Amino acid sequence: MIFANVLSQLPIALPAISYRAVAPELVLFGGALLILLVSATTGRKEHPGLYRAIALAAAVVEGGFSGYQLYLAQGAKASLAVAGSIAYDGFSAFAGIVVAAVLILGILIGPGFVQRIAGDGPEYLVLVLVSAMGALVMAQGEDLIVIFIGLEILSIALYVLVGYRIGDGLAREAAFKYFILGGFSSAIFLYGTALVYGATGSTNLAKIANFLSVNVLVHNGVLLFGLALLLLGFGFKVSAVPFHLWSPDVYQGAPTSVTGYMAAMAKVGAFAALIRVFDVAFGSQITLWRPIVVGLAILSMLFGALFALRQRELKKILAYSSINHAGFILLGVYAGTAAAISNTLFYLVAYAVIVVGTFGLVSIIQDSLGVVEGSCSLDQLRGLARSRPALATVTAIMVLAQAGAPFTTGFLAKFSIIVSVVEIREYWIAVVAMISAAIAVAFYLRIVLAMFRGEQEQEVEGERVLAIQGAATEIPGRRPALAWIGVSLSLLFTIGFGVFPQPLLDLAARAHIIG
Amino acid sequence: MGYLDWLIAVPAVGALAVPFISLPEERRNLVRGFGLAISLVELVLAAVVGIKFNPHATGYQFVTNVHWIGSFGVSWFLGADGITLVLILLTALLFVIAMFAMKGVKDFRAYVGWMLLLEAACMGSFTSLDLFAFFVFFELTLIPSYFLIADFGMGASGRAAVKFFVYTFAGSALLLVGIVSLVFIHDSETHHLTFSLPALMNTHLSGTTQLLLFLAFTAAFAVKTPIFPFHTWSPDAYRAAPIPAVVMLAGVMAKLGSYGIIRFDLELFPSTARSLAWLMLTLAVIGILYGAVVAAGERDLGRLVAYSSLSHMGFIVLGIFAFTTEGMSGSILQMVNHGIYTAALFLFLGMIYERRGTLDVGKLGGLQKRAPIFAAMFMLVVMASVGLPGLNGFVGEFLILLGTFITHRWWAVAAVAGVVASAVYMLWAYQRAFHRSQADAPPFGEIRLKEALLVAPLLALIVLLGVYPAPLLSRIGPTASSVVQHVLAAKAPGAAAASLPAVVKGVK
């Protein structure tokens, strides 16, 4: 009451807030608060099962609500809310579904390991829910400032998640690197926002678009510089070459079960915002940013694939592979047609699910070897097919899906990007993309090879392997039943929609951007 | 579901079922029985297709066409003509034999599962008339064959498997871009987004576009076939892979390449195929001669057969690009023949390796004295591969050379040198391995009944198809001549084919 009175005294006009538009965020944030509340009020004993149930329920409700919004957004229901700073359209609804999918997988796969090093506390789930909320804000943000807030919510939660094993040198390095470079890139993003504001007089995407369509800038240097800085900020977040240097170390040092979640959620949020900003606000300036985006895409695809060839550390290889994927997704952004954006979203959801599943499997593998979820060398995988055939087979399927094996969503994702690029008649870029995919196959196969073969080599390198395993801290095994459920879900998704992709493609086709 | 759907579905479902079969330790080998049963059912299905096939009809038979992925205009479109038919029969037969041939595996589950998946993928590639579906199956063949080579192979099979995978994948990468480009060019002309082959055959392409697309498509098929100079993966892969996998690689999957050239290159880009015929013919002849020369210098029988395979696949490409009905029929027939005798050759090599642990001709010798029946059967296969009249290799090779001589005299003349050379190196190798006396040689067991039964169907076919190839030729003929007609009837776009009027005149 007092608060309202004070507010009414101030010369601030509060916009009408459409709670329906921000309901997904509210659900996730509410879930996080509820978990904290339960933890704080139920005495000393923690209830990990209950927390997890609340988090899962929040994720499912959020996903369901986004699905309903996607259904509604078909007609004229798409709109801007909260003084035009939040978009409520098919695109954000689809992004909401992707976020929910990643979140559910993250909740199923993640906590097992974290519980062992950090106890039964609610922190992990709260951080995961909050970071997902940040990604949602990014996907819905229709204003550069709102997007920045989403970016920070997402990033800060992720910094903490990455640094969970603070006692470990690699993990400390990873968290510190991620934090410093992430903060740096956020600052650059903010500076870009300021310059764009200077050039166009607004931070609202729709207003920027309107300004740029009505006016022609005689001196567009400020706008150009602002655009470049925005792209640079996004480039850091999606780890596109040449802004990728942090990602291999961070992937390596972060707890394995967190790495997959981080890779997926950061990309979903950043790419959703990237697409909206460049499609809505700067759609008329496409000739300005297109060459930069395609340059980033090609560099990411080629160098992601080439650098990975030289690695012997599994998580670093996967980091470079996700740089390669980022290049493909950027190509979809580059193509820029409505169909291309749907295809990009399809790639994004396919990639997100596969990558969470893959890291979940690596986490299960590390668990079965009894090692800490830190660095994982390829040598550790040797002979896995003999000792754990089912685990090795499923891992091989997921890795091959990343490589783009037919009858998986990984293949259709690459295919749909190629379709988008060919549709705008950029045949040579499509060729380059496929060549990078062919190079990438080589390192994906090295992972598979390490698991399925290596008994003979193991004898030669036996001492080294023993040394590695001996050095690792022994941790009592857990029963990763929930992680297995998460992995199975992602496998089911990858193969199910790989064979019958039409429903998912239909959903992605509904994801129109308002404006 | 039509017969062709079943041809794909039976092994695919079998492959999916295999991981769920859990048997007690002592009954593990029952999985092998399961694999055999599935592949026999498949053979029966293929035979039924062969019987029900109408040899006089042109066009596709047993057609299935339903929507699959509407957003991309992809449909599940299967059909068979003469080429498809004979390749289906070959595939079904060789898979049964390969199932029987595997030995020394502790747990057959993985082996049977990959083999069945490979069979489904091969059947899918041969029957798909939708370019997307074809590409998907074409790619799918890589995964099981990779695991078969890497998992069950000998020596440095891991490296060979990766090399094989990356080479073929790089080729397919261009194929995918080519397919999608073609589809969108067709879409912009007709506003009909489709991947179906008959619809895409009506696309109007400018000369340069057609040339680039032809090259993109051919890249994939040239690696798979292999055509010189894209063959470097093949000796390593053939040598490192386990024998049943080589039977599939050389017997069936190599045919995917030459099949793709006929089905897609010639049907979609006839005028470029005609104007680039000189290039393909030259590469084919170089492959024939180069393969023969290298094979003559090889001491390892496995690599020798791999290079001789390169040489023989060169003949098939030669016949295709001669653009005569004889050459085309010969090439298609030779695909089957080559599959049969190469499979038999590799099976025999497997038996030798099992007995001696080596395929080095220098370490073998005098085998004929110790195992005369074995030697006689091996000799028969060698003769078939050399092209002795009365055996199956001769019929195809003769038709190819005849067809090529009509239109491209000098290429045919050069290729004949390859025939002679192949006789030289094969017989020389045979002589060194089987006849050269070797003191204090370890014993060499005579062929066992099981082994004889394994190769008996192949030997029977070698003789039968050598004496009476009509059943196959009568089914291949209509398809072959319609393909040739299609290529020759194509109008040249712009001046692309202007450089080769003499060739066209020569045919007419």
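**Stop 1: a helix pair in chain B**

Select helix α11 (residues 243-268) of chain B and helix α15 (residues 325-356) of chain B, which pack at an angle of about 165 degrees with their axes 7 Å apart. Because of that angle, α11(B) is roughly antiparallel to α15(B) (angles under 35 degrees count as roughly parallel, over 145 as roughly antiparallel, 65 to 115 as roughly perpendicular and the rest as oblique). Axes are lines fitted to C-alpha atoms, for helices over the stretch in contact, and angles run from 0 to 180 degrees between N-to-C directions. Helices (H or I, at least four residues) and strands (E, at least two) are DSSP runs, numbered from the N terminus.

The model is predicted: local features need pLDDT of at least 70 and side-chain atom pairs count only at pLDDT 80 or more, while totals for chains, interfaces and linings use all residues. Residues are numbered from 1 along each chain as its sequence is written, chains are lettered from A and ligands numbered from 1 in the order in which they are written, and side-chain values use heavy atoms, with hydrogens and water left out.

Now display the side chains between the two helices. Residues of α11(B), including I243(B), V247(B), K255(B) and L266(B), meet residues of α15(B), including M328(B), M335(B), F346(B) and G350(B). The residues of this contact of α11(B) with α15(B) divide into 13 nonpolar, 6 polar and 1 charged (Ala, Val, Leu, Ile, Met, Phe, Trp, Tyr, Cys and Pro count as nonpolar, Asp, Glu, Lys and Arg as charged, and the others, Gly among them, as polar).

**Stop 2**

Next, select helix α17 (residues 372-386) of chain B and helix α20 (residues 449-467) of chain B, which pack at about 40 degrees with their axes 11 Å apart. M377(B), L380(B), V381(B) and A384(B) of α17(B) make the contact with A452(B), V455(B), L459(B), I462(B) and V463(B) of α20(B) (contact means heavy atoms within 4.5 Å). This contact of α17(B) with α20(B) comprises 9 nonpolar, no polar and no charged residues.

**Stop 3: aromatic residues**

Select F407(A), F411(A), F415(A), W68(B), F72(B), W76(B), F132(B), F135(B), F137(B) and F195(B), which form one aromatic cluster. Both W68(B) and W76(B) are buried (buried means under 20% relative accessible area, exposed over 50%, partly exposed in between, with a 1.4 Å probe and protein chains only).

**Stop 4: two buried residues**

Which helix holds K224(B)? K224(B) lies in helix α9 (residues 207-224) of chain B, and counts as buried at 3% relative accessibility. K224(B) and A254(B) are 30 residues apart in sequence and 5.7 Å apart in space, C-alpha to C-alpha. Among the residues that K224(B) touches, not counting those up to four places away in sequence, are F138(B), W233(B) and M253(B).

In chain A, select I513(A), in the segment after α22 (502-509). I513(A) counts as buried at 17% relative accessibility; its contacts include D89(A), R276(A) and I341(A), not counting residues up to four places away in sequence.

**Stop 5: backbone features**

Most residues other than glycine have a negative phi, and most peptide bonds are trans. The peptide bond from V241(A) to P242(A) is cis, with omega near 10 degrees. Another cis peptide bond joins F228(B) and P229(B), with omega about 0 degrees.

Finally, select F62(B) in strand β1 (residues 61-69) of chain B. F62(B) is not a glycine, yet has a positive phi of about 55 degrees. Is F62(B) buried or exposed? F62(B) is buried, with a relative accessible area of 19%. H191(B) also has a positive phi, near 55 degrees, but counts as exposed at 69% relative accessibility.

Note on methods: Rings of Phe, Tyr and Trp (its six-membered ring) pair if their centres lie within 6.5 Å; planes under 30 degrees apart count as stacked, over 60 as edge-to-face and the rest as tilted.
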